[in-house]
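Hello,

Here is the structure you asked for. Please open it first, then read my notes below.

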Amino acid sequence: TKVDNCVQELLELDKKYFLHPTSPIKQQQDQGPSFIFTEGKGIMLTDIVGNTVIDGMSSLWNVNVGHGREELGKVAMEQMSKLAFSSCFATFSNEPAIRLAAKLAQIAPGDLSTTFFTSGGSEANDTAYKLARHYWILKGQPNRRKIISRTKSYHGVAMGSTNATGLKPFREFTNSFDPDFCYADHFSTEDLRCVIEAEGPDTIAAFIAEPVQGAGGLHVAPKDYFKEVRSICDEYGLLFITDEVITGFGRTGKYFGIEHYGVSPDMMCFAKGITSGYAQLGGVMLSKNIHQDLMELSTGTLLHGYTYSGHPMACAVALKNIELIEQEELIANAEKMGKEMLKGFHWIQGKCRIIGKVKGLGLMGGLEIVKDHRTNESFETPVAPLIVAEAAKRGLICRSVVFDGQDTVVFAPPLIINREELAKLLDILHETIVAVE
Ligand code: PLP
């Protein structure tokens, strides 16, 4: 039929012309895409042959307000019709970018008050490292160049953010082993102190961490971890940067993930949830002090900026998206549904042999897969990818993490998810685990 022909044509075109991001190259060549999505509504996605699945990952941890929000499409269209683009370089500006920066100052933790906009999270991270280094040049300490990040961290794929990423395969992919980037154990502040001492405190510009590690396997830091990090950074004079690309905008049940730990950073990177994926936008926020120092000490031009820094349409969409998050009380819902999700995971763990540790904060959750939870012994070959494949067949999208010998399935459903939808997600997950074990 006509539809079959169209699907066949798209499969072939995809294999031939489209190099997918973060993809299994050979498998894509052989089999083509597993889903060609055509529509989204709420927590559901529909593909070209009519399969409907639960988007248990909010796509890439980012579609916080759910799919098919016409309010956001309307705002984008209005802004694009009025002023699709104008530059924010030098002294040019536009209203959505100004209003969004002001709104961010209102909702951000601590005294983060000034925003530099990018098009996504990788650019946000690279911007933070560059601004940190520039800051130290202005402060008369140009040797402070190094960035310390954590094992199991993911910070993106630009050159700086690749180097900061603690997951080794991402660095090995391009032989990225810049000696200005070093790594401390993700949970041990003792190790952070050792790395600082070994590298030399006066060579270090900043320490960066995700409040909850997502792509690296869903790791929630110990309760006092970030308080100790904050005090170590102060002790050695390092800037403390949080990467809130996943954890920002309600994902963990608070506006920003670091709020769970009662401290605030000197800089904060964000992206993803700020627009729920309806436009490409990220950025870095600076504390009042850092901003003031930059203003007072700068003599020349800020030689860092992207064409799309402060894109008017993206900023207009972000403003509306934040309005929806607030109006619909999605942060409180993320907290409530997150607790339900964890309860559901524990229930499944009680019924299934292969569920080991259960982890989560707000609507970020992870299940460690083991041979038998009584012994905690791992499988020789990771089983999480089989679970993900089986779940997809049964109508649920989730994701596996197998880096560093891990065998974990992760979840991050949209923040609009309700009780019935969550129950459905958990039902499919339970059936899937039973089928796999
Ligand atoms: N930082 C974190 C914590 C992320 O999870 C990601 C993406 O998943 C990034 C940065 C990179 O963001 P982007 O893919 O928008 O460049």
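Start with helix α4 (residues 70-83) and helix α12 (residues 312-327): their axes come within 9 Å and cross at roughly 150°. That makes α4 roughly antiparallel to α12. Angles over 145 degrees count as roughly antiparallel, under 35 as roughly parallel, 65 to 115 as roughly perpendicular and the rest as oblique. Axes are lines fitted to C-alpha atoms, for helices over the stretch in contact, and angles run from 0 to 180 degrees between N-to-C directions. Helices (H or I, at least four residues) and strands (E, at least two) are DSSP runs, numbered from the N terminus.

This is a predicted model: local features need pLDDT of at least 70, side-chain atom pairs count only at pLDDT 80 or more, and totals for chains, interfaces and linings use all residues. Residues are numbered from 1 along each chain as its sequence is written.

Back to the first pair. On the α4 side, the contact is made by E71, L72, V75, A76, Q79, M80 and L83. On the α12 side, P312, M313, A316, V317, K320, N321 and L324 take part. Contact here puts the C-beta atoms, placed from the backbone, within 7 Å. By class, the contact of α4 with α12 has 10 nonpolar, two polar and two charged residues. (Ala, Val, Leu, Ile, Met, Phe, Trp, Tyr, Cys and Pro count as nonpolar, Asp, Glu, Lys and Arg as charged, and the others, Gly among them, as polar.)

Now the second pair. Helix α9 (residues 189-199) and helix α10 (residues 225-236) pack at an angle of about 20°, with axes 10 Å apart. α9 and α10 are therefore roughly parallel to each other. T189, L192, R193 and I196 in α9 meet Y225, E228, V229, I232 and Y236 in α10. That contact of α9 with α10 divides into six nonpolar, one polar and two charged residues.

Next, the ligand. It is surrounded by 16 residues, and the closest are G120, G121, S122, G156 and V245. The shell has six nonpolar, eight polar and two charged residues.

Last, the whole protein. It has 15 helices and 17 strands. The C-alpha atoms fill a box of roughly 65 × 60 × 45 Å, taken along the principal axes.

Best wishes

Definitions and conventions:
Near = placed C-beta within 6 Å. Contact = placed C-beta atoms within 7 Å.
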